[in-house]
Amino acid sequence: NTKTTTWHVKIYELLKPTNFSNRYFATIVSLDGKKATGKILLSQFKDSTQNSLTIDNELYIVGKSETIKSPLNPHQFNYKKYMNGLGIREQLYLKSGNYIIEPNASKSIYGIAANFRNKIINNLKKENFGAEELSVIQALLLGQRNEISSSTYDDYKNAGAVHILALSGLHIGILLLLLNFLLQPFTYLPQGKTIKLVVTVCLLWGFALIAGLSASIVRAVTMFTFVAYAFYLNRPSNTFNILALSMFFILLLFDPNLLFQVGFQMSYAAVFSIVWIYPMLQKFWFPKNIILRKIWQLLAVSVAAQLGVLPISLYYFHQFPGLFFISNLLIIPALGIILGLGILVIGLSLLNILPPFLVTFYDSLIRLMNTIIAWVAKQESFVFKDISFDSTQLILCYILLISFVLFFSRTTFKRAIFLGTTILLFQLYTIRATYKKSQKQVLLVAHQTKNTILLEQNGHLLKVLSLDSVRAQNLVQGYKVAERISKIKNETILNAFTFKNKSIYRLDSAGIYPPKHKKVDFLLLSQSPKINLNRFIDTVRPDKIIADGSNYHSYINRWQQTCLQKKIPFHYTGEKGAYYFD
């Protein structure tokens, strides 16, 4: 939207705030008084004059929307692509004075659920729970992960147990089993099975509503609604049909964009893998000892699920937790007790009759779970990080996994040939990709605020030339993994250097001009040099001028105008992204 518009929007979801702003998802009600539809991202700057907003707040905003930008540097997280997958392409900034809140906003089911959820959270905060323990309780039972510290989240991620913090099929499946057990007496009544089904489905969707009806919860509850119906029909074994029906029900009727979300992909990949691979692992070994059998069953489920999500995990996150089975063996069996007790704790807290001994016990139980996860996460030699894995390897890896399962489920000559061919293709592609990267020679100026960063790639060696190498680490790490870099070398950035017979001169705050006789093909402006660019261009005559993120915006605007007048190409990394010298 290029012109100032009056927006009427309604907030439907609160996002985790950043250090500088609160963020919200909102639906568009109207534009300039005309009815409109769509979704938009709202960013509210944090200051003392603005209160944070809540679900169901309706706002009238006067302003211009901005397209969510693509990443400015290569191999960074593509926030634009992620938001597009959620159906959101633009954002609005809320500043003091550019919006008003509708005092008589209508109530939606999201707002009613949010108010009830906030009441639960406020009641729990009055109890003697630890801060970290309470944040995990909110994630486990209410789907609210905003208060989990980054260190706790990293522990769960490195231990291969992050799925425990995200309300998903695992939690809803356990909840369904609990309800199936608790509501068993209904089956002795006339039409008892039907009553049990209706009550079960209502409770599942009630839980989903309290948890905010997030995408992961909706798909999980939809899936297990079909499972509950299969139990009602006494056909729980027809799992593939249930999964396919629930998946296409969600995709076709609700949101086709879900197909492109990582959570959706991992959830269904894990469940399909369990359904397909777990029975095969059970046939592989069936211990007579009941304790050993239960441990093996749990381990087999964990292995099957991890095999299903392994290619996706390597593609998106480039790491694999080698000790995932330990955290799953120790935590998953107790998760039913943790969820059941948690629901009891919430119910008693709402009635204001939660006994202190139950608070102490439940707090200790969550703390023990966090301690176990932290211990597993600290075994860093078993967390395999920085694994280069591209989209072609993702597809080949799934073909390889399918061929393995087919071969070991029924060994035939054709399946052996298929398996061998797939292994060979995967190896050949990996060798080819590694070789191509070894021949690559690139020099680029990356964008980072208040820093100058040049990356020079020579095959598997990456030279990092920067003013602040510590701040550059995250940016460099993503580039290293994607480009299969094996060695990184930090060097001091110089003012003059060459690349592929082209001369590059970096003009910094010292304002030292290059020698008059020296030809400058590219001029890099860094650290806001106080120069007369008009005179500089007339004297040095560079072919192209580049400005990085270390410069003041006022300087950049002035330089852009000068280059426009002089008809010299100008590239600002904060607008156009990293600049590749070629």
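Is D154 buried, partly exposed or exposed? In this predicted model, D154 counts as partly exposed, at 33% relative accessibility. Its salt-bridge partner is K157, with an N to O distance of 3.9 Å. K157 is likewise partly exposed, with a relative accessible area of 33%. Both residues belong to helix α4 (residues 150-158). They are 3 residues apart, about one turn of the helix.

The salt bridges number 14. Two further pairs involve loop residues. E483 and K440 meet at 3.2 Å, N to O. E483 sits in the loop between α15 (473-482) and β14 (487-491), and K440 in the loop between α14 (413-438) and β11 (441-448), so the pair ties together parts 43 residues apart in sequence. E483 is buried, at 3% relative accessibility. K440 is partly exposed, at 27%.

K519 pairs with D543, the closest N and O atoms being 3.4 Å apart. This pair links distant parts of the chain, 24 residues apart. K519 is in the loop between β16 (502-507) and β17 (522-525), and D543 in the loop between α16 (533-540) and β18 (544-547). Both ends are partly exposed: K519 has a relative accessible area of 44%, and D543 has 43%.

Backbone angles were also examined. Most residues other than glycine have a negative phi. D56 has a positive phi of about 85°. D56 lies in the loop between β4 (39-45) and β5 (58-63) and is buried, with a relative accessible area of 5%. A network of salt bridges links D56 with K10 and E58. D32 also has a positive phi, near 50°. D32 occupies the loop between β2 (21-31) and β3 (34-35) and is partly exposed, at 40%.

Terms used. Residues numbered from 1 in each chain as written. Predicted model: local features only at pLDDT ≥ 70, side-chain atom pairs only at ≥ 80, totals over all residues. Heavy atoms only, no water. Helix = DSSP H or I, 4+ residues; strand = E, 2+ residues; numbered from the N terminus. Buried < 20%, exposed > 50% of the residue type's maximum accessible area, 1.4 Å probe, protein only. Salt bridge = Lys/Arg side-chain N within 4 Å of Asp/Glu carboxyl O.
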